[in-house]
Amino acid sequence: MATSKDLDLNPLSWVNPEPWNPWMIAIHLTHNCNLTCDGCSDMTNIGLNWMITKEEFISWTKNWAGRIIPDQIHLVGGEPTLHKDLEEFLYLARELWGPKQKITLFSNGFFVHLHPNLGKVLKETNISIDFA
């Protein structure tokens with residue numbers, strides 16, 4: 001008969017120690033958006049007014065990096081260019097996920113002008129931008 005000494009009582013013992021390799025993960029920088037597109041699936045039409053803090057971003061990302069190794073990381077919203085700290089998040093994403101990770105920023109493009117150094121930051125971090 002099994003005793004408690006025979007059982008692995010670690011509540012995380014079921015977690016696979018090998019890194020998980022999903023196709024993509026999306027990190028929401030904000031739920032705010034300037035548009036109300038009918039087909040949007042990014043929670044922009046439900047009245048949430050939220051923007052991630054740098055502390056939350058670092059905390060969440062540090063917990064994932066190394067354990068989850070996606071083919072791609074998408075930085076999304078809402079509309080990410082509405083976040084005043086967008087450029088800092090791009091540097092943080094690159095620092096936390098490493099130089100080889102494919103990272104893409106998704107934007108509707110309306111507020112790119114609020115970040116005059118965005119092109120420079122994208123080039124320095126090797127992060128691409130897709131407009132939708």
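**Entry: the model**

I note that the model is predicted: local features need pLDDT of at least 70, side-chain atom pairs count only at pLDDT 80 or more, and totals for chains, interfaces and linings use all residues. Residues are numbered from 1 along each chain as its sequence is written, and side-chain values use heavy atoms, with hydrogens and water left out.

**Entry: Gln-72 and strand 2**

I placed Gln-72 in strand 2. Helices (H or I, at least four residues) and strands (E, at least two) are DSSP runs, numbered from the N terminus. The side chain of Gln-72 makes a polar contact of 2.9 Å with the side chain of His-74. A polar contact is a pair of N or O atoms within 3.5 Å; within protein, one must be able to donate a hydrogen and the other to accept it, and residues adjacent in sequence count only if both atoms are side-chain atoms.

I then listed the contacts of Gln-72, leaving aside its neighbours within four places in sequence: Trp-23, Met-24, Ile-25, Gln-101 and Lys-102. Contact here means heavy atoms within 4.5 Å.

I next read along the strand. In a regular strand the side chains alternate between the two faces of the sheet. In strand 2, Gln-72, His-74 and Val-76 point one way, while Ile-73 and Leu-75 point the other way, and all are buried. Strand 2 is thus recorded as mostly covered, with five of its five residues buried.

Four strands form an open sheet in the order 1-2-3-4, and the pairing is parallel. Strand 1 (24-28) and strand 4 (128-131) are at the edges with a single partner strand each, so one side of each has no neighbour in the sheet. On average, neighbouring strands of this sheet are turned by 25 degrees against each other, direction ignored. For such angles, axes are lines fitted to C-alpha atoms, for helices over the stretch in contact, and angles run from 0 to 180 degrees between N-to-C directions.

I counted two strands as paired if DSSP finds at least two bridges between them. Strand 1 and strand 2 (residues 72-76) run parallel and are joined by five bridges. Ala-26 stands opposite His-74 of strand 2, and Ile-27 has Leu-75 as its bridge partner there. On to strand 3 (residues 102-107), strand 2 is joined by four bridges, again in parallel. Leu-75 has Leu-105 as its bridge partner in strand 3.

**Entry: salt bridges**

How many salt bridges are there? I found three, where a salt bridge is a side-chain nitrogen of Lys or Arg within 4 Å of a carboxyl oxygen of Asp or Glu.

Lys-54 pairs with Glu-88, with the closest N and O atoms 3.1 Å apart. Lys-54 lies in helix 1 (residues 54-64) and Glu-88 in helix 2, so this pair ties together parts that are 34 residues apart in sequence. Lys-54 is partly exposed at 28%, and Glu-88 is partly exposed at 37%.

Asp-85 pairs with Lys-84, the closest N and O atoms being 3.1 Å apart. Asp-85 is buried at 12%, whereas Lys-84 is exposed at 68%.

Lys-120 pairs with Glu-124, the closest N and O atoms being 3.5 Å apart. The two are four residues apart in helix 3 (residues 118-125), which means about one helical turn separates them. Glu-124 is partly exposed at 46%.

**Entry: Glu-87**

I looked at Glu-87, which is found in helix 2 (residues 86-97). Glu-87 is buried yet has no salt bridge, and the nearest side chain of opposite charge, Lys-120, is 7.8 Å away. Lys and Arg count as positive and Asp and Glu as negative; His and the chain ends are not counted. A polar atom of the Glu-87 side chain lies 3.5 Å from the backbone nitrogen of Asn-117. Leaving aside neighbours within four places in sequence, Glu-87 is in contact with His-115, Pro-116, Asn-117, Leu-118 and Val-121.

**Entry: Asn-126**

Phi of Asn-126 is near 55 degrees, a positive value in a residue other than glycine. Most residues other than glycine have a negative phi. Asn-126 is exposed, with a relative accessible area of 57%.

Terms used: Buried < 20%, exposed > 50% of the residue type's maximum accessible area, 1.4 Å probe, protein only.
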